[in-house]
Amino acid sequence: MLRDAARGVYKRLVLADNRIIGAVMYGETADGSWFFNHLKEKTDIAEIRDTLIFGPAFAGGAAADPLAAVAALPNDGEICGCNGVCKGKIVEAIKVKGLKTLDDVRAHTKASSSCGTCTGLVEQLMKLTLGDAYNPAAVQPMCGCTDFGHDDVRRMIVAKGLKSIPAVMQDLQWKTSGGCAKCRPALNYYLVCTWPGEYEDDNQCRGTARHRRCRR
Ligand code: FES
């Protein structure tokens, strides 16, 4: 079990006979596909048991190497749990359809198009498949409190059913405890637009007139 209250991360693995038979994750779920594949394949995890909880990037105590971990996943390994998309389907789409951007992959495979939790894995897969030809367009973060851009935050508010500013900040692992003058008005606006009638507009978070006009 791994609990990091400061980061809002909780992970618990249930093992029997050196096999994963259950997993619970909260706050940081990017390694979920890797654990699920081991569970499905009934992999003998005896050799990586001590570091298993830290996920594929540290499997066996190796230095963190996310690309190697993604490369080691089988083709039928699930990458996107929301849309049931496996590694092989994404790699094939990238090669056969000449996909070059994350938006291309989202459009053709649906991977990473819902909650966004698997986005990091999809990007690693693109880097692995395209090599130097992969040139991720820099996503402009909302502000210094998060690495997510506006579009990703809006998508995840909907996909994860996040209905308050604290819920957004906790689930998306905001780097600051209360946000800032840039992100709080934006989050308030997105929540008002997404959950009209359910979310109570926070007057103190209101931004410019442009922010106050919800377009649906
Ligand atoms: S796990 Fe892929 S979009 Fe949610």
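Helices and strands here are DSSP runs, numbered from the N terminus: a helix is H or I over at least four residues, and a strand is E over at least two. Counted that way, the protein has nine helices and five strands. What you have on screen is a predicted model, in which local features need pLDDT of at least 70, side-chain atom pairs count only at pLDDT 80 or more, and totals for chains, interfaces and linings use all residues. Residue numbers start from 1 along each chain as its sequence is written.

**The whole chain**

Start with everything selected. Along the sequence the pattern reads β-β-β-α-α-β-β-α-α-α-α-α-α-α. Of the 216 residues, 29% count as buried; a residue is buried if 20 or more other C-beta atoms lie within 10 Å of its own, exposed if 12 or fewer, and partly exposed in between, with C-beta atoms placed from the backbone. As for contacts (C-beta atoms, placed from the backbone, within 7 Å), among those between residues at least 6 apart in sequence, 46% join residues at least 24 apart.

Select residues 9-16 for β2 and 19-26 for β3. These strands run antiparallel and are joined by seven bridges; strands pair if DSSP finds at least two bridges between them.

Now zoom in on the turn, where two residues sit between the strands. Is D17 buried or exposed? It is exposed, because it has 8 C-beta neighbours inside 10 Å. D17 lies in the loop between β2 and β3, and its phi is near 55°, a positive value in a residue other than glycine. N18 lies in that loop as well. Its phi is near 60°, again positive in a residue other than glycine. N18 has 13 other C-beta atoms within 10 Å, so it counts as partly exposed.

**Stop two: E123**

Next, pick E123, found in helix α5 (residues 119-130). E123 is partly exposed because it has 17 C-beta neighbours inside 10 Å. Leaving aside neighbours within four places in sequence, E123 is in contact with L102 and P136. Draw a distance from the C-alpha of E123 to that of L67: the two residues are 56 apart along the chain, and these atoms are separated by 9.8 Å.

Select 183-194 to bring up helix α8, which has 12 residues. From first C-alpha to last, α8 reaches 16 Å, close to the 16 Å expected at 1.5 Å a residue; the expected span is 1.5 Å times one less than the number of residues. Which residues of α8 are buried? They are C183, R184, L187, N188, Y189, Y190, L191 and V192.

Two packed helices are described by the angle between their axes and the distance between the axes. The axes of α6 and α8 come within 10 Å and cross at roughly 40°. Axes are lines fitted to C-alpha atoms, for helices over the stretch in contact, with angles from 0 to 180 degrees between N-to-C directions. That angle makes α6 oblique to α8; under 35 degrees counts as roughly parallel, over 145 as roughly antiparallel, 65 to 115 as roughly perpendicular and the rest as oblique.

To finish, show the side chains where the helices meet: H150, V153, R154, I157 and V158 of α6 make the contact with A186, Y190, L191 and T194 of α8.

Methods. Contact = placed C-beta atoms within 7 Å.
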